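Colleague: Could you take a close look at one part of this model for me, the packing of a pair of helices, and then walk me through the aromatic rings as well?

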Amino acid sequence: VVSYNAFGDKFDDLIAAEAAWQAADGGCESGSGSGNGSSSPVSGRTGSRSGGSGVPHVGLWPHFSFLNHSCLPNAIHYTIGRTLVVRAAQPLAAGDEVTVSYLGTEDHTPASMRRKVLHQRYGFECTCPRCQLEDQLPDRLASLLLTINGEVRERLLPAFSDAVEEPEQLQQVGEDLLSLSQELYVHLDSFVATAAARNFRAASSAACAAAGADGLDVPELGGPAHAVLCIEAAVYEFFQLMSMRDEVVGADYTASLQNCVRIMDAV
């Protein structure tokens, strides 16, 4: 029961969990959570308080445990001392379901990988708008997202880290990133014109209408532009690595960094 409902640290760090507990005891901000699922419910048997091994838990808030998961949540959550705060991340209308992300870094992976983690930890298959959007991707684009994810984690990121000692690897990493980027955007440009992209909605019509009526300046919550950002979020580490590479070689990385920010804001 605890494993399915507890709120835990982003990293399996028992020392950090103990520090969070001590901060809570002192009434200070624990810093154990942040927005968009960077801290999430996690599976595990024990926490730092128990003195055992396993995944650390920050706490168990019964009301919070009733919130369902979405890979495109409309609320964020974080802890301040012993208090768990849940705040809207986009317009909500009366009757809208409030959702949060149960994932951490897995939020920025393709749908098949997110679903695998969710099924292993919680026993359900996600059918949120973001997952449904990726279900409608052409096979080649869906396969490319998995390829890019694997290339970044298994080869390009380690090679980038090693480039401090072997500078020639940095040029090769840059060439590989450019090649993957060109292939990705060929497919994304084609997908923008599809009905799936045009009809994509990240919030209820009532919520968007209410936000407009109140004069709120909110980002587009649907449509082709938002759909592309959600797809890019499946390979966020790829875009992050492109920005880091631009910075290291002394190039203007403003555009690549801004794209990373847009992706994070979108999901």
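**Helix packing and aromatic pairs**

Modeller: Happy to! Helix α6 (residues 168–191) packs with helix α9 (residues 223–233) at an angle of about 145°, and their axes are 10 Å apart. The crossing of α6 and α9 is right-handed. On the α6 side the contact is made by Tyr185, Leu188 and Phe191, and on the α9 side by Val228, Ile231 and Glu232. These contact residues divide into five nonpolar, no polar and one charged. Do keep in mind that this is a predicted model.

Now to the rings. The count comes to five aromatic pairs. In one of them, Tyr102 and Phe124 have ring centres 6.2 Å apart and planes at 85°, so the pair is edge-to-face. This pair links distant parts of the chain, 22 residues apart: Tyr102 sits in the loop between β7 (99–100) and α3 (111–122), and Phe124 in the loop between α3 and α4 (129–135). Tyr102 counts as buried because its relative accessibility is 11%, under the 20% cut-off, whereas Phe124, with a relative accessible area of 26%, is partly exposed. The pair of Phe238 and Phe239 is edge-to-face too, with ring centres 5.2 Å apart and planes at 75°. Both Phe238 and Phe239 are buried. Tyr102 and Phe124 also belong, together with Tyr122, to one aromatic cluster.

How values were computed: Residues are numbered from 1 along each chain as its sequence is written. This is a predicted model: local features need pLDDT of at least 70, side-chain atom pairs count only at pLDDT 80 or more; totals for chains, interfaces and linings use all residues. Side-chain values use heavy atoms; hydrogens and water are left out. Axes are lines fitted to C-alpha atoms, for helices over the stretch in contact, and angles run from 0 to 180 degrees between N-to-C directions. Helices (H or I, at least four residues) and strands (E, at least two) are DSSP runs, numbered from the N terminus. A crossing is left-handed if the near helix is turned anticlockwise from the far one by less than a right angle, and right-handed if clockwise. Contact means heavy atoms within 4.5 Å. Ala, Val, Leu, Ile, Met, Phe, Trp, Tyr, Cys and Pro count as nonpolar, Asp, Glu, Lys and Arg as charged, and the others, Gly among them, as polar. Rings of Phe, Tyr and Trp (its six-membered ring) pair if their centres lie within 6.5 Å; planes under 30 degrees apart count as stacked, over 60 as edge-to-face and the rest as tilted. Buried means under 20% relative accessible area, exposed over 50%, partly exposed in between (1.4 Å probe, protein chains only).
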